[in-house]
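Subject: Structure handover

Hello,

Open it beside the text and follow the numbering as you read.

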Amino acid sequence: MKVGGLFAGIGGIELGFKKAGFDISWANEIDKNASITYRHNHKHKLFEKDLKDLKTSEVSSIDILTGGFPCQAFSIAGQQKGFNDDRGNVFFEILRFIDDLKPKVVFLENVKNLLGHDKGQTFKRITNELENRGYIISYKILNSSEYGNVPQNRERIYIVAFKDKNIALNFSFPEVKKLNKKISDLIEAKVDEKFYYTNSRYYEQLKDEMKNKDSVYQWRRVYVRENKSKLCPTLTANMGTGGHNVPLIIDDIDIRKLTPRECARFQGYDETFIFPESLANSSLYKQIGNSVTVTVIEAIANEIKKACNL
Ligand SMILES: C[S@@+](CC[C@H](N)C(=O)[O-])C[C@H]1O[C@@H](n2cnc3c(N)ncnc32)[C@H](O)[C@@H]1O
């Protein structure tokens, strides 16, 4: 089955579907830097432009349409303007693609808050739009630590919509998977000194509060928060900029932030994934925080495959 990907970012959803055995035909992404990373890791066609400017006649036919559409409009951290925000509005561009390409399956991913946004009205609108087009919908909030075998606390909503009723009845979300990876399994032994906080003006404060070597802490503008469940806190798009949400650890040398490679491991990316050297780390942190947990996507894609009897 052929897959087309909207809001592709660096291609975490596409990678998860590929690992499950699907063919990715094309993808769309507006951001220049994310597109650079995308092209280093995927061979198929990437349309690098605003989705609003992408005509459905430009792309080939597909069976599955995927999209982790921008979440800022719905996220608690954002202003929550929902469909009244340009970034939320892009949902209607997804509908244009559904109307023209008529995919058998639509796969959407977003922040958990999408479910409760505007007292449930936003989610209702999304499901209504899909149901009015004949789709049967399943959705679930999955935590990456329970479904992706990565020690990251990341709850996201996954929506799977099927055109065929029998396939929809065959589908169920994956079972909980045993977590057998610890934070320490994902930490690099030696990293560049630029990742250390030794000269930070917050160093003394951090030193006082960060005591556990097997925890990932998160810098929250003026204080540091420990995730006591031995999971990395949710990695976010802003973790590499402005000193907010930065994931911090204390290693054998000192206090430092996670490297982009380590963050990618917490998102289920393996070592073959390429991060272009031409891109600044701030850009890579953003790309990884914006992305998905590849192993969770792969698990769901495998269930889609089973439901379709592939
Ligand atoms: C939440 S991220 C999805 C990341 C992706 N799932 C991944 O694995 O990297 C949303 C993406 O949508 C892109 N985007 C936002 N508005 C867009 C638009 N109008 N047209 C195309 N892409 C857009 C952003 O640049 C961002 O990369």
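Which domains does the domain assignment of the protein give? There is domain 1, made of 2–179 + 292–307, and domain 2, made of 183–288. The bounds come from an automatic or database domain assignment.

Two notes on reading the model. Residues are numbered from 1 along each chain as its sequence is written. The model is predicted, local features need pLDDT of at least 70, side-chain atom pairs count only at pLDDT 80 or more, and totals for chains, interfaces and linings use all residues.

The two domains

The C-alpha centres of domain 1 and domain 2 are 27 Å apart. Domain 1 puts 20 residues into the contact and domain 2 puts in 21 residues; two residues are in contact if their C-beta atoms, placed from the backbone, lie within 7 Å. On the side of domain 1 that touches domain 2, the elements giving two or more residues are α2 (32–41) and α11 (294–307). Helices here are DSSP runs of H or I with at least four residues, strands are runs of E with at least two, and both are numbered from the N terminus. With six residues, α2 gives the most to that side of domain 1. By class, the side has seven nonpolar, 12 polar and one charged residues. Ala, Val, Leu, Ile, Met, Phe, Trp, Tyr, Cys and Pro count as nonpolar, Asp, Glu, Lys and Arg as charged, and the others, Gly among them, as polar.

The ligand

The shell around the ligand holds 22 residues, of which Phe7, Gly9, Gly12, Ile30 and Gly68 come nearest. A residue is near a molecule if its C-beta atom, placed from the backbone, lies within 6 Å of it. Elements that give two or more residues to the shell are α1 (12–19) and β2 (23–29). The classes in this shell are 11 nonpolar, seven polar and four charged residues.

Two strands pair if DSSP finds at least two bridges between them. Strand β8 (residues 217–220) pairs with β10 (residues 244–250) over four bridges, and arginine 220 has histidine 244 of β10 as its bridge partner. β8 and β9 also pair over four bridges, in the antiparallel sense. Here glutamine 218 stands opposite arginine 225 in β9. The hairpin of β8 and β9 has two residues between the strands, and in it arginine 221 takes a positive phi near 65°.

Two loops and a helix

Lysine 102 is not a glycine, yet its phi is positive, about 45°. This residue sits in the loop between α4 (91–101) and β5 (105–111). Is lysine 102 exposed, partly exposed or buried? Lysine 102 counts as partly exposed because it has 14 C-beta neighbours inside 10 Å. A residue is buried with 20 or more other C-beta atoms within 10 Å of its own, exposed with 12 or fewer, and partly exposed in between, with C-beta atoms placed from the backbone.

Asparagine 149, also not a glycine, has a positive phi of about 50°. Its place is the loop between α6 (144–147) and β7 (155–162).

Helix α10 (residues 281–290) is mostly covered, with seven of its 10 residues buried. Among them are Leu284, Tyr285 and Ile288. The cover over the buried residues includes α2 and α9 (260–266).

Regards
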